Amino acid sequence: MDLLKSIFHQSPEAALFASLALGYWVGKFRFGSFQLGGVAGSLLAAVLISQIGIQIDSGIKAVLFALFIYAVGFESGPQFFNSLGRHSVKEIMMAVVVALSGLITVVVIARVFGLDKGLAAGLAAGGLTQSAIIGTAGSAIEKLGLSGEEVQRMQANVAIGYAVTYIFGSFGAIIMCVNVLPWITRRNIRDDAVQAEQEQLKGVRVYGVGESPAAPDLVGRIFRVAQSGKTVADLEAEGTQGRVTVERIQRKNALVGVDPSLVLEAGDIILLVGRRSAVVSLGKLVGDELPGAQGMDVVMVRRDVAISNSQYLNRCVKDILDSLSQDLKHGVYAEGLIRAGSPVPITAQTMVMPGDVVTLFGTPQDVQKAAQAAGPIIVPSDKTDWVFHGFGIVVGLLIGLLVLRIGAIPITLGSGGGALLSGLLFGWWRSRKHTMGNMPTSASTLLRDLGLAGFVAMVGLQSGQQAVSTVMEQGLTLFMLGVLVTIIPLLIAILFGKYVLRYDNVAVFAGSLSGARSANPAFGEVLDKAGNSIPTTPFAITYALANVFLTLLGPLVIAFA
């Protein structure tokens, strides 16, 4: 024990990473259908390690949380702003219900158990994991007209109540959002998240890393010409199932330059490229298909192009294709369309909107020519644009410093809310200007995972020893009351969401619930269970509201407890 204490005293950051390693190891164990998860496991491991006695800089916690919440906002910025006007009513009501039920629960418990105003406010701050309540409650206590000693005593009780109840406030929210909610709704977070994602994709199949279709839509096939007489242009014009292009011609074992006016001869070997159905249909008119031929391979490329040419914006696909010259669209195929980070089916009536990204398929020369007309090619990169994102995080932290006062009540988003808002804005801007702000998915995932788990571990390392010692001094009563403050509002919100708001997707429900409770660790576990970003949009809406509503509970608890 002395050896560990010496090590962690010399290197407190080692305690942080030890908490992460131990926590994720513990989080892997499954008990029936219950699994603790890496975030909750890191919290418990940090509380255990904190008993050695560790002092670690609070600035690390602020940095880790800013990275986590900014990355979350950046990933979901496009979807957030697209859905805000259509689907925000349920989230607003959810945030209001959680705040009101939390206030009523704290006030009732305080009166039944004879808690003073300071302990009651501490219960609210810790049980609802809203640290800002400490500040707003402390300011309200100063205005009660009490003596200086009494004010200090009550403000100390706020801190005590917070320290005792915050750990379970974080842990209990994870259990309620990740385990109890799916049990009550009889639905699975992962299944519903996948279903919601499929509905967003509107039937477009998205392949993961290392996946590809067994029968791709765009293909190249080699045929031997059976009859002479047709030119290349004539053959391409005969495609009835869609456009097909002749990309290579071999005559008497020598390659021949492809020209629209070139007359094909019997025995020529040609490479047809296009949609599979169109190539197969036209190939039947050409002659026998060959398994391969020396020198007939052609390098094809896929390039994502940001459509910025105003001539193509706010027009349907058919209208755009009809307006293009044959030379410009020859040999180029639109393989996919992305809007606000989500695939959009390409049909004749699909409208092309500002910020859309089209994936073009063809030879490098043809694709380059088409891209010059449509907009810049988005060059794939594993580098993160830290000029863009560093500025984005700074903007978020500055937003968090802003304070709006309603009477004597200060209202602020704080660093977390500011970083989330900035991430949403910069993510939306990235979806409009694709040439800046690159952040690979792997980099974003690292920021989210390390940021959240590290933040939670820091909370455990800093508060764990104080919480355990206070429980031993005060008894378990205060701790158990904190359990009630954590569970009751969430249970009320779950029932309200199920029977009144009628959430039919538990992944969306869980995101909304965790945000309404400002429960970042719970949200991290919800994201992990979902396996995609579906819970993020409802979380972003309710989280922003919760930072205001729950912060206001401080003076209200002081007034009514």
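Reader: At what relative accessibility does arginine 302 sit, and how does it count?

Author: Buried means under 20% relative accessible area, exposed over 50%, and partly exposed in between (1.4 Å probe, protein chains only). Arginine 302 has 45% relative accessibility, so it counts as partly exposed. The model is predicted: local features need pLDDT of at least 70, side-chain atom pairs need 80 or more, and totals for chains, interfaces and linings use all residues. Residues are numbered from 1 along each chain as its sequence is written, and side-chain values use heavy atoms, leaving out hydrogens and water.

Reader: Which side chain meets arginine 302 in a salt bridge?

Author: A salt bridge puts a side-chain nitrogen of Lys or Arg within 4 Å of a carboxyl oxygen of Asp or Glu. Here the partner is glutamate 335, at 2.6 Å, N to O. Strands are DSSP runs of E, at least two residues; helices are runs of H or I, at least four; both are numbered from the N terminus. Glutamate 335 is in strand 10 and arginine 302 in strand 8, so the pair ties together parts 33 residues apart in sequence. Glutamate 335 is partly exposed, at 34%.

Reader: How many salt bridges are there by this rule?

Author: Seven. One of them joins aspartate 217 to arginine 275 at 2.6 Å, N to O. These two are 58 residues apart. Another pairs glutamate 265 with arginine 251 at 3.6 Å. Shared partners join Arg251, Glu265 and Asp268 into one network.

Reader: Is helix 18 mostly covered or mostly open?

Author: Mostly covered: 10 of the 11 residues in helix 18 (506–516) are buried. Among them are Val506, Phe509 and Leu513. Just after helix 18, serine 518 takes a positive phi of about 55°.
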